[in-house]
Amino acid sequence: MHSLPARDREALLRVGTPRNYVAGQSPILEGDRTTFALAILDGWAVVLTTTQRGRRMIFAIRGPGDIVGELSAIDGQPRSTTVSALSPLRTILMPGDRFRSFLDTHPATSAALMSHFSHRLRESDLDRRALASSTVLQRLARLLLELVEHVGTPTPQGTLVDLPLAQYDLAASIGSTREAMAKALRVLRERGIVHTHARRVLILHPDLLDVLAGD
């Protein structure tokens with residue numbers, strides 16, 4: 001919703017009702033036939049799927065200003081992914097029929113949202129290609145750079161990424177095993193590029209991360 005004018009954003013939020021979730025709760029489950037969309041006001045969630053072997057794969061991390069569940073709200077098809085709260089989540093739940101009606105009657109807002117949703121789908125396609133053609137270290141470097149851009153907090157020492165992401169979540173975000181991801185993270189620590197502590201990552205040299213991401 002970041003790209004919407006404040007007036008349009010407020011009008012969209014009036015379509016739904018407040019709904020809160022606790023950390024670990026999954027308001028959207030893969031395969032369900034629910035059709036609501038959620039606008040995240042506060043907190044963080046992951047968009048994920050579970051493979052046939054029972055392995056979690058995280059496609060995206062969503063936070064304040066993001067909308068999740070919009071595809072099923074628009075086309076009425078079963079959920080293609082699960083959305084799980086990483087932290088306490090404060091949202092606006094928008095029923096599918098009211099969400100679609102809003103888009104029908106607000107063409108400018110609809111065009112802006114559709115452009116944003118299309119951009120996210122293109123990003124997903126690029127991520128899938130990267131999964132097949134890059135190393136775990138490259139993918140981890142790219143993920144950390146994305147987190148710096150979207151949720152990083154500048155500090156005198158560097159940029160702090162403070163999200164409740166366990167190591168298995170980081171691994172699932174880059175299509176890796178926990179062991180391989182931990183090894184790549186250790187390389188970054190040993191090179192003095194990052195410092196980690198209690199699920200916090202301090203990015204000391206984003207320029208070097210950028211070099212590694214493009215190797």
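## Domains

Domain bounds here come from an automatic or database domain assignment. On that basis the protein chain of this predicted model is divided into domain 1, residues 6–130, and domain 2, residues 135–213. The centres of domain 1 and domain 2, taken over C-alpha atoms, are separated by 25 Å.

## The interface between the domains

Ten residues of domain 1 are in contact with 14 residues of domain 2. Between domain 1 and domain 2 an area of about 1000 Å² is buried, and carbon and sulfur atoms give 64% of that area. Ile58, Ile61 and Leu86 supply 43% of the area that domain 1 buries against domain 2, which is more than any other three residues.

Polar pairing across this interface is listed as follows. The rule finds zero salt bridges between domain 1 and domain 2, and one residue pair is in polar contact, with both residues at pLDDT 80 or more. On the side of domain 1 that touches domain 2, strand E4 (residues 56–62) gives the most, with four residues. The residues on that side of domain 1 divide into seven nonpolar, one polar and two charged.

Thr82 is placed in strand E6 (residues 82–85). Thr82 also counts as buried, because its relative accessibility is 11%. A polar atom of the Thr82 side chain lies 2.9 Å from the backbone nitrogen of Glu30. With neighbours within four places in sequence left aside, Thr82 is in contact with Ser26, Ile28, Leu29, Glu30, Val46, Val47 and Leu48.

Ala37 lies in strand E2 (residues 37–42). The relative accessibility of Ala37 is 0%, so this residue counts as buried.

Which residues are in contact with Ala37, leaving aside its neighbours within four places in sequence? They are Ile67, Val68, Gly69, Glu70, Ala73, Ile92, Leu93 and Met94. Ala37 can also be located relative to Leu71: the two residues are 34 residues apart in sequence, and their C-alpha atoms are 8.2 Å apart in space.

Most residues other than glycine have a negative phi. Ala198 has a positive phi of about 50 degrees although it is not a glycine. Ala198 is found in the loop between strand E10 (194–197) and strand E11 (200–203). With a relative accessible area of 59%, Ala198 is exposed.

Arg199 lies in the loop between E10 and E11 as well. Phi of Arg199 is near 65 degrees, again a positive value in a residue other than glycine. The relative accessible area of Arg199 is 52%; the cut-off for exposed is over 50%, so Arg199 counts as exposed.

## The salt bridge

How many salt bridges does a search of the whole structure find? The search finds one. The side chains of Arg200 and Asp162 meet in this salt bridge, at 3.4 Å from N to O. The pair links distant parts of the chain, with Arg200 in strand E11 and Asp162 in strand E9 (residues 159–162), 38 residues apart.

Arg200 counts as partly exposed because its relative accessibility is 42%, and Asp162 is partly exposed with a relative accessible area of 44%. Both values sit between the cut-offs of 20% and 50%.

Notes: Residues are numbered from 1 along each chain as its sequence is written. This is a predicted model: local features need pLDDT of at least 70, side-chain atom pairs count only at pLDDT 80 or more; totals for chains, interfaces and linings use all residues. Side-chain values use heavy atoms; hydrogens and water are left out. Contact means heavy atoms within 4.5 Å. Buried area is the accessible area (1.4 Å probe) that two parts lose on being put together, summed over both. A salt bridge is a side-chain nitrogen of Lys or Arg within 4 Å of a carboxyl oxygen of Asp or Glu. A polar contact is a pair of N or O atoms within 3.5 Å; within protein, one must be able to donate a hydrogen and the other to accept it, and residues adjacent in sequence count only if both atoms are side-chain atoms. Helices (H or I, at least four residues) and strands (E, at least two) are DSSP runs, numbered from the N terminus. Ala, Val, Leu, Ile, Met, Phe, Trp, Tyr, Cys and Pro count as nonpolar, Asp, Glu, Lys and Arg as charged, and the others, Gly among them, as polar. Buried means under 20% relative accessible area, exposed over 50%, partly exposed in between (1.4 Å probe, protein chains only).
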